[in-house]
Structures are given as C-alpha cells and as structure tokens.
Number of protein chains: 2
Amino acid sequence: MQKIKGTLIPIGGNEDKGIEEEEMYTLEFIEEGILYHVVKEAGGIEANIVVIPTASSIPIEVGENYLTAFATLGCKNIEILDIRSKEDSESERAIALIKNANCVMFSGGDQSKITDKIGGTTIHKLLVDRYKDEEGFVIAGTSAGAMAMANDMIAGGSATESFIKGAVNMYNGLGLIPELIIDTHFIRRGRFGRQSEAVAKHPELLGFGLAEDTGMIIKNGNECTVIGSGMVIVFDGSTLTHNNEKILKEGTPMTMANLTVHVLSNGDQYSIKNRTVTVLPIEADFI
Amino acid sequence: MQKIKGTLIPIGGNEDKGIEEEEMYTLEFIEEGILYHVVKEAGGIEANIVVIPTASSIPIEVGENYLTAFATLGCKNIEILDIRSKEDSESERAIALIKNANCVMFSGGDQSKITDKIGGTTIHKLLVDRYKDEEGFVIAGTSAGAMAMANDMIAGGSATESFIKGAVNMYNGLGLIPELIIDTHFIRRGRFGRQSEAVAKHPELLGFGLAEDTGMIIKNGNECTVIGSGMVIVFDGSTLTHNNEKILKEGTPMTMANLTVHVLSNGDQYSIKNRTVTVLPIEADFI
C-alpha cells in the first residue's frame, strides 16, 4: 500500500447540551485548543481552510460559527462550502476550493448526508488523493464529520439496546482511514455497546470512541496522538477468543471474550499498524 | 482460605423506567426467570425466603411487591425484614429470621443504607458465616442489593464525567465477595466509565457490570453463570500494562492500556479464580 502523507483529525464533538446547541459551534471549543491544533497542523493562520457543513441541518449557522471560531484564532483564509447535493460536489467552485485548501473541516450533524452528497463525487476523489499524496494536507471533522472518515461507518444505533445484535446501523463512509470505526460523543451518550457491536462485526478493524472536546491527530494513516480535555477509548478486537456476532440472531445478546480496551488521554499515542499504546509521562505538559 | 459453600445471586436491576418504577418490583421480572432461579437455588417453593428492603426509600411497597412476586412463583414461606437501623439488625426477630432463612433477598435503592444499617451487626456476621459454611444457602440482591455484596462497593458516581479521576465514589460493602466490584443498571445508565475507574483504583479486583434483568449465579465464591435476558460485562485489570490512577490528580482524564473486557450473556460461565470465560454453544437452550 502507498504510504499516506496527509493528516486526519477526527474530533468527538463539542460538549453535549442537546441537539440544537450541539450543532452550534461555541467558542468554548477553541479555548480547549482543539481548533488551534487543526490550524497548526494545516500550516498556521495563513492556511486555506474550507469548512463543509453538509452534515448539519442548520448549515448556514454552523458555517458562520466556524468562520467566527477560525477568525478568533487569527485565520485569514476561510471559506464555507455548503454542499447540499451531489451536483454541488461537482461544481467548479467546490473543485477549486478543495484543490486549493490546506485544511478541510467537516461539521457535525448526520454523517449519512456526507456519504450521500459527497461520496463518489469529484471532490471526494480529490480529498482522497490529496490526503494520500500531500504532506501537511489536513482533513478534520467533528462528530458526524469524524465518523464519516471511516469506510465502515456507524450511521446510528441505540445506546440503551447495546450489546444486542442489530442495535448498531452501519453505512459507507468516505474511506479515508479504512482501518478504523470511529464513534463520537462517546462518554456522555454512553456508546460503548454500539462500538463493541461494530467491532464484533468487523473484528479486523479498530474501534475509536472519541469523547466530547477530544480528538486524534493521525499522521501517515498510522501514528495517532490524543488532543483535548477528554479521552479516546480504543477497542481492539484482534485479541478476541470468542465472538458470536456472525451466527447470532438479530435481537439476541452478544458474547465476546477477551476484547482489549485502552483508555487514552491528552498526549497519549497509538500506533494503528502495531496496535500499541505509548503513554505520556505523568509530569508532561498538556499538549 | 476456607472454601465457600453458599451461593450469591447479584442482579442488575429491573428494566429502568425511572426512580419510582425502578424500586417498584414489577412482575415482568419474574417472567424473565431471574426470581425463578433464585427460588430454585434456595431449594424450591418450600424455602424460607427473607426479603430485606433496607436500601429502598419505599421499603413497605417494595416488600409487598416482593411478597407478590415470590407468591406468584408458588413460594409459601416469605418474610419481610424491614431493617431501618443498626438496632433493628440486632433484634431477636431479625436474628431468628436470618438463622432460619434458606434465601435472603436484598432489594434495590441506596446501597450505602445497607452498609450503614446492617454492616458490622449480628445479622451481617450471621449472613457471612452461613454463606461460607452452608451449601444451598442463597444471598440474592438486585441493584443496590447486588452492589453491596462487594467489599469495595461503588456508592455512586457520574456516568457523564466518567474516566475522570474522582468520578466514582467507593464505600464499604458487606464483603461477601471481596474479589469483585459490582455495578448494576449497566447498559441503560452507561456505567462503563465508573466501573473502569473502580477497576483502575483496585486493579487486583474484577469489575462485573450487570445489565438490567440480568444476574449471575455465583457458586463457591468462584463459578459464575449468567442468567436473564441481558449481558454481564467483565473488566479484568490484571492485563493492564499502564494505569496512572494512583498518581493522577482528581478531575484529570485517566490513561489505562490493555484492559481486558468480556461481554457475557445467558448461560455463559466465568471462573473468578482462573479469570476464564466458558461460553455456551450457540444452539443451547436459554437457561
């Protein structure tokens, strides 16, 4: 496989105060430093940043909130690309913006909208190619925008019915990092069960559960570093000695033996290829 | 250590419809067969069953609901022991009932009340001694009544602040099975984080997270069999390669590497001593 040169930054979502506020980007987020890391990885405040609010049901408001947020950090070249259809993804402006961007930021909302309106289009192909080929090219995404980076994407699923086969719904994502299944808002919405079921379905993949206000800087499709104030829960199904997901009937409780789980926080590192954790010394500074 | 002869049956709580209904024992529970297992392990419908609703804020109603529930199963000798103080635990009636019981059932509510009103009293000592010495003697407990079986007991803790050091509160339990930390209502209330923190604090112990309408029959303080319609999540901290709980400041997110997690369902077995899972064949009957 070709060595990947770009950077992915999936983010677990903002502090969860309910649907409306969740989609509204607040400035708390910036103070915690996640967006600062996005800008830094993209080359600093001169970087061309393109915000895609496609997942959101209120794309105009979400776009404006990102404009404010990036401007507060001193960014000068921010564009909103409000894609609402596959046709929009084929427009000259869309293609030009993605070609010139140093950083593309996907908002939260419904991750299936990202697949439906961008998947398979010219800008999707451009994003994949530039991510593979260009050092310093950054694709970031919060909540739905993070989940859509996977190939096997969690599209929905009940937290309360978790560990029951069929509780999780999967869909195609953008396939930027096919080794991962990404879930977000992981702690406040109690999403352990649906991530476990997703990993039981795809035990060869790694499940990353991102807490609110927490992200991962993923370089070369391999080296991950936790940023933000919360934690990332990693589910590694490669150690499973028993997993009855394939043969269970829908609606039946699952059995899984010997799932390996890591709880990682700020500065901790994870290698996707080696499936190993490198922890930061306790006295290290918050990054 | 002396070989234990009695049986423990911790239960994860009834289906969670909110505080009031949770404490009210409904007949759904019986249909699912959990109470049937309790009665069977105690020797059948002739067994002397003593219900202790001490944890509940509505002990009279809870006691009456258990009377109805056990009577529906055909049980003939059911007594309510409504202990509300340490003095109540020293009463002649209490001591006589515990001496003659084949099965003692602790209700849900606040597990700290069990410790405060029964811990260290004559009936606590009687329960421990009879559980150690007498084959067929059953101590069952639902929700708070299950959590109180541990020595290091989860007394409370936020689900949304989980994986942050200090989110879980521990207290002394009845010490019937000091190898375990028991949590209940595990799925619907999203309690993975607080159980992980409890296991990080006590990595030599096993964390059992019991879902609603799910229990464990634990024989000889070792052999566990899952009963009921949900699942039991087992956290084994013995494989941890990194755990910074001891040195972290309160309020800081935790790091844990290589926690082993099992998801067990009806009929699956677990050995506390060997820390091994034995799964039921997929075609086996529901027990």
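**Close-up 1. Helix α3 of chain B is mostly covered in this predicted model.** Six of the eight residues of helix α3 (residues 34-41) are buried. Here buried means under 20% relative accessible area, exposed means over 50%, and partly exposed lies in between (1.4 Å probe, protein chains only). Helices (H or I, at least four residues) and strands (E, at least two) are DSSP runs, numbered from the N terminus. The buried set is B:I34, B:L35, B:H37, B:V38, B:V39 and B:E41. Just after α3(B), B:G43 takes a positive phi of about 110 degrees. Residues are numbered from 1 along each chain as its sequence is written, and chains are lettered from A and ligands numbered from 1 in the order in which they are written. Local features need pLDDT of at least 70 and side-chain atom pairs count only at pLDDT 80 or more, while totals for chains, interfaces and linings use all residues; side-chain values use heavy atoms, with hydrogens and water left out.

**Close-up 2. B:D285 and B:I34 of chain B.** B:D285 sits in the segment after β16 of chain B. Its relative accessibility is 64%, so B:D285 counts as exposed. B:I34, by contrast, is one of the buried residues of α3(B).

Close-up 3. The buried residues are A:I123, A:H124, A:L126, A:L127, A:V128, A:R130 and A:Y131. Contact means heavy atoms within 4.5 Å. The strands that these buried residues pack against are β1 (7-11), β4 (103-106) and β5 (138-142) of chain A. The helices they pack against are α5 (86-89), α6 (92-100) and α7 (111-118).

Close-up 4. A salt bridge is a side-chain nitrogen of Lys or Arg within 4 Å of a carboxyl oxygen of Asp or Glu. The side chains of A:D129 and A:K125 meet in one, at 2.8 Å from N to O. Both residues lie in α8, four residues apart, about one turn of the helix. A:D129 is partly exposed at 31% relative accessibility. A:K125 is exposed at 54%.

**Close-up 5. A salt-bridge network around A:K201.** Side chains of opposite charge can pair when their charged atoms come close. A:E197, A:K201, A:E245 and A:K246 are linked in a network of salt bridges. A:K201 bridges to A:E197, with the closest N and O atoms 3.6 Å apart. Both lie in helix α10 (residues 192-201) of chain A, four residues apart, about one turn of the helix. A:E197 is buried, at 0% relative accessibility. A:K201 also meets A:E245 in a salt bridge, at 3.0 Å from N to O. A:E245 lies in the loop between β13 (242-243) and β14 (256-265) of chain A and A:K201 in helix α10, so this pair ties together parts that are 44 residues apart in sequence. A:E245 is buried too, at 5%. Over all chains, the structure holds 24 salt bridges.

**Close-up 6. The interface of chain B and chain A.** Here 34 residues of chain B are in contact with 34 residues of chain A. The chains bury about 2800 Å² between them, 65% of it on carbon and sulfur atoms. Buried area is the accessible area (1.4 Å probe) that two parts lose on being put together, summed over both. Between the chains, the salt-bridge count is zero. The rule does find twelve residue pairs in polar contact across the interface (both at pLDDT 80 or more). A polar contact is a pair of N or O atoms within 3.5 Å; within protein, one must be able to donate a hydrogen and the other to accept it, and residues adjacent in sequence count only if both atoms are side-chain atoms. On the side of chain B that touches chain A, β12 (231-236) and β14 (256-265) each supply at least two residues. β14(B) gives the most, with ten residues.

Close-up 7. Most residues other than glycine have a negative phi. Phi of A:D213 is near 55 degrees. A:D213 is placed in the loop between β9 (206-210) and β10 (214-219) of chain A. It is buried, with a relative accessible area of 8%. Phi of B:R275 is also near 55 degrees. B:R275 is placed in the loop between β15 (269-271) and β16 (276-278) of chain B. B:R275 is partly exposed, at 22%.
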